Amino acid sequence: MSVHGSSDWLLPEKPKEPLQSDCCGTGCTPCVFDLYEQELKLWELECKRIKSGGTGCTEASSEAPSISPTEYKKFKLTSISYMTSDSQIYRFAIPEDGSLGLKPGQHVILRGTIDSHVLTRQYTPVSDLTARGYFDVLIKLYKDGRMSKYITTWQVGDMIEWRGPFGRLTYLPNSYKRICMLAAGTGIAPMIQIIREVVENEEDDTFVRLLYACKTYQDILMKDVLDNCASYWNFTVLYVLSQEQDESSSGKHYCDKIHYGRLDQDLVVKEVNSVSIDTLVLICGTKSFDKDMINFCNKLGISEKQIFKF
């Protein structure tokens, strides 16, 4: 029963506490439970604002920062580009030729509601950090994913809620002689940011090596960007294809370097074994992939200070 004069019906749904199984257990910062506590505080603030006569989520505008870590802002979805059967790039407009102001490796948080449940997920934009007027997010859709169910309802013109930026990685040019990247699937997103940051800076002599695990050649994401970056002297990539057995089935470009099989301990040992104190290892993939890569690096005696997991 509604109460005359009450604004309770305008209040947003309370965030749902994540399950223990939602935590990957590898020390993510922020963890899903950290995000839940943040969301709970934001929900309480929004409820107070609405009850006092204000509104909830605001639209991004040129009169305020394009995005905020403490308040969700709405951005208009302007296009959807299909990359693979289950992965798309979603482009959002930033008013007045604005910019998110992200630093390399930083991510933003998406909020959505499905079946009366508030959901949040972290995504790393793949657009150039200097891009103005828009930002692109690479998203893989999962058949039984709750957030995927929400995202599949999107249509061009929808206003979608984001906040950020977040991220602990601080990259400075020439901080390391070498960066070794271990990525799988959409885990390529934060790597793209770092790669661009290095190769497009003529003063940065850091060498970047990417080991990118995908099921098939057709599943390689951001291939055009990786091809462009590979034209620079200080970046190379090895595509690790787990579900293709030989060169004839991949349709690869003549310049592509491919390993057929899994990104296992033997390959990591071969590629990463020469790590020195001037090397940084970056990891991003599924929960099981991240755990495996961290375990392989630990067995190689690589210092925890030299390993960063997105």
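Trainee: In strand S7, which residue is the bridge partner of His-107?
Mentor: We are looking at a predicted model, where local features need pLDDT of at least 70, side-chain atom pairs count only at pLDDT 80 or more, and totals for chains, interfaces and linings use all residues. Residues are numbered from 1 along each chain as its sequence is written, and side-chain values use heavy atoms, leaving out hydrogens and water. Helices (H or I, at least four residues) and strands (E, at least two) are DSSP runs numbered from the N terminus. In S7, His-107 has as its bridge partner Phe-166.

Trainee: Which residue takes a positive phi in the hairpin of S4 and S5?
Mentor: Look at the two residues between the strands of this hairpin. The phi there is near 55°, and the residue is Asp-115.

Trainee: How many of the eight residues of S4 are buried?
Mentor: Buried means under 20% relative accessible area, exposed over 50%, and partly exposed in between (1.4 Å probe, protein chains only). S4, residues 107-114, is largely enclosed by the rest of the structure, because its buried residues number seven.

Trainee: Is Gln-193 buried or exposed?
Mentor: You will find Gln-193 in helix H3, residues 188-199. Its relative accessibility is 3%, so Gln-193 counts as buried.

Trainee: What are the ring distance and plane angle for Tyr-90 and Trp-154?
Mentor: Rings of Phe, Tyr and Trp (its six-membered ring) pair if their centres lie within 6.5 Å; planes under 30 degrees apart count as stacked, over 60 as edge-to-face and the rest as tilted. A search of the whole structure finds 10 aromatic pairs. The Tyr-90 and Trp-154 pair is edge-to-face, because the values are 5.2 Å and 90°.

Trainee: How many residues apart in sequence are the parts that this pair ties together?
Mentor: Tyr-90 lies in strand S3 (residues 87-93), while Trp-154 is in the loop between helix H2 (146-151) and S7. Both residues are buried. The separation in sequence, in residues, is 64.

Trainee: Over the face of which residue does Arg-91 lie?
Mentor: A charge sits over a ring if NZ of Lys or CZ of Arg is within 6 Å of the ring centre and within 35 degrees of the ring normal. Arg-91 is 3.8 Å from the ring centre of Tyr-134.

Terms used
Two strands pair if DSSP finds at least two bridges between them.
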